[in-house]
Amino acid sequence: MELKELQKKIKKFSDLFNKLEKERDANVPNNIIFPYLKAVEELGEIGDLIVREFGIQRREKKIPNENFKNVLGQEIIDLMIPLFHLANGQAIDLEQEFIKNFEKIDKRWASNAY
Ligand SMILES: [Mg+2]
């Protein structure tokens, strides 16, 4: 699936969510606050997964995870969805942003700035 297609797919959820939130409180910019908080929560879940997988915490808190790669993949998608939602709320074309960003990175590499 192309990035543009994925962003459009998530926009359907964004539109529905925004409609529901408008009915609740029109003064709060939920298309920014909600996806931001959700992204932070999902990033925390990735951190928790890594900490548990590599045992960087007290032994009694350690939970064996036989399926680290699959769960990590799902958590990365959980993180991407609110980020797409955040972009959709501001009408940001992520494909264009990717292109611009990679051009910048390519220039840095070409000029040996690293
Ligand atoms: Mg999650």
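**Confidence.** I started with pLDDT (the predictor's confidence in each residue, from 0 to 100): the protein chain averages 83, and 83% of the residues score at least 70. This is a predicted model, so I kept to its rules: local features need pLDDT of at least 70, side-chain atom pairs count only at pLDDT 80 or more, and totals for chains, interfaces and linings use all residues. Residues are numbered from 1 along each chain as its sequence is written. Among the elements, I found the lowest mean pLDDT, 78, in helix α1 (residues 3–24), and the highest, 93, in α4. A note to myself: where pLDDT is low, the predicted coordinates should not be read in detail.

**Overall layout.** I counted 4 helices and 0 strands, where helices (H or I, at least four residues) and strands (E, at least two) are DSSP runs, numbered from the N terminus. The order from the N terminus is α-α-α-α. Next I looked up burial: a residue is buried with 20 or more other C-beta atoms within 10 Å of its own, exposed with 12 or fewer, and partly exposed in between, with C-beta atoms placed from the backbone. Of the 114 residues in the protein chain, 6% are buried. For contacts (C-beta atoms, placed from the backbone, within 7 Å), I took those with a separation of 6 or more, and 72% of them join residues 24 or more positions apart.

**Helix α3.** Which residues of α3 are buried? They are Pro82, Phe84, His85, Asn88 and Gly89. Just after α3, Ala91 has a positive phi of about 55 degrees.

**Helix α4.** I ran the length check on α4 (residues 94–110) too: 17 residues should span 24 Å, and the end C-alpha atoms are 24 Å apart, which agrees. The number of buried residues in α4 is 0, so this helix lies largely in the open. Asn112 follows α4, and its phi is positive, near 60 degrees.

**Glu5.** My last stop was Glu5, in helix α1. Glu5 is exposed, because 9 other C-beta atoms lie within 10 Å. Its C-alpha atom is 9.9 Å from that of Glu95, 90 residues apart along the chain.

Definitions and conventions: The expected span of a helix is 1.5 Å times one less than its number of residues. Two residues are in contact if their C-beta atoms, placed from the backbone, lie within 7 Å.
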